[in-house]
Amino acid sequence: VLSDILALFAASGANILTINQNIPANGHAFVTVSADTGSMPGSVDALISDAQSRPGVIRFEIVAGER
């Protein structure tokens with residue numbers, strides 16, 4: 001799932017700055033990705049929508065920054 005999300009970020013033109021993943025429990029892991037989205041040709045809302053629809057993603061949200 002993480003590989004799919006990282007590929008999505010790369011395809012969107014977002015620049016990944018950091019990735020932090022907790023130890024998986026019950027088949028799920030909390031992951032935080034920091035990214036620079038300023039040079040993306042598409043919208044951040046479209047990236048969020050696409051990420052939320054990916055298999056295995058339970059929740060995808062912005063916790064800081066701007067849309």
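In helix α1, which runs from residue 2 to residue 12, the residues Ile-5, Leu-8, Phe-9 and Ser-12 are buried, where buried means under 20% relative accessible area, exposed means over 50% and partly exposed lies in between (1.4 Å probe, protein chains only). Viewed down the axis of α1, the buried residues fall within an arc of 100°, so they line one face of the helix; the arc is that of the directions from the helix axis to the C-beta atoms. An α-helix has 3.6 residues a turn, so residues three or four places apart point the same way. The structure is a predicted model, in which local features need pLDDT of at least 70 and side-chain atom pairs count only at pLDDT 80 or more, while totals for chains, interfaces and linings use all residues. Residues are numbered from 1 along each chain as its sequence is written, and side-chain values use heavy atoms, with hydrogens and water left out.

Helices (H or I, at least four residues) and strands (E, at least two) are DSSP runs numbered from the N terminus. On the face of α1 turned away from its buried side are the exposed residues Ser-3, Ala-10 and Ala-11. The cover over the buried residues of α1 includes β1 (15-21), β2 and α2, and contact here means heavy atoms within 4.5 Å. Just after α1, Gly-13 takes a positive phi of about 95°.

Phe-9, which has its place in helix α1, is buried with a relative accessible area of 5%. Leaving aside neighbours within four places in sequence, Phe-9 is in contact with Ala-14, Ile-16, Val-33, Ala-35, Leu-47 and Phe-60. Phe-9 and Met-40, which are 31 residues apart in sequence, lie 9.6 Å apart in space, C-alpha to C-alpha.

A pair of aromatic rings is described by the distance of the centres and the angle of the planes. Rings of Phe, Tyr and Trp (its six-membered ring) pair if their centres lie within 6.5 Å, and planes under 30 degrees apart count as stacked, over 60 as edge-to-face and the rest as tilted. By this rule the count comes to one aromatic pair. This pair is formed by Phe-9 and Phe-60 and is tilted, at 6.2 Å centre to centre with 50° between the planes. Phe-9 lies in helix α1 and Phe-60 in the segment after α2, so the pair ties together parts that are 51 residues apart in sequence. Both Phe-9 and Phe-60 are buried.

In α2 (44-52), the buried residues are Val-44, Leu-47, Ile-48 and Ala-51. These residues cover an arc of only 100° around the axis, which puts them on the same side of α2. What covers the buried residues of α2 includes α1.

Strand β2, which spans residues 31-36, holds Ser-34, a residue that counts as partly exposed at 30% relative accessibility. With neighbours within four places in sequence left aside, Ser-34 is in contact with Asn-15, Ile-16, Leu-17 and Thr-18. The C-alpha atoms of Ser-34 and Leu-17 are separated by 5.3 Å, although these residues are 17 residues apart along the chain.

The loop between β1 and β2 contains Asn-26, which is exposed with a relative accessible area of 77%. Most residues other than glycine have a negative phi, and most peptide bonds are trans. Phi of Asn-26, however, is near 55°, a positive value in a residue other than glycine. Gly-27 also has its place in the loop between β1 and β2, and at 72% relative accessibility Gly-27 counts as exposed. The C-alpha atoms of Gly-27 and Gly-56, which are 29 residues apart along the chain, are separated by 9.8 Å.

On a 1 Å grid over the protein atoms alone, a pocket is an open set of points with protein on both sides within 12 Å along at least five of seven lines, and lining residues have an atom within 4 Å of a point. The largest pocket has a volume of about 1,000 Å³, a volume being the space filled by probe spheres set on the points. The lining of the largest pocket comprises 30 residues, of which Val-31, Thr-32, Val-33, Phe-60 and Glu-61 lie nearest its centre. At least two residues of this lining come from each of α1, β2 and α2, and β2 gives the most, with six residues. By class, the lining has 18 nonpolar, eight polar and four charged residues, where Ala, Val, Leu, Ile, Met, Phe, Trp, Tyr, Cys and Pro count as nonpolar, Asp, Glu, Lys and Arg as charged, and the others, Gly among them, as polar.

Technical notes
1 Å grid on protein atoms, 1.4 Å probe; cavity = no way out; pocket = protein on both sides within 12 Å on 5 of 7 lines; lining within 4 Å.
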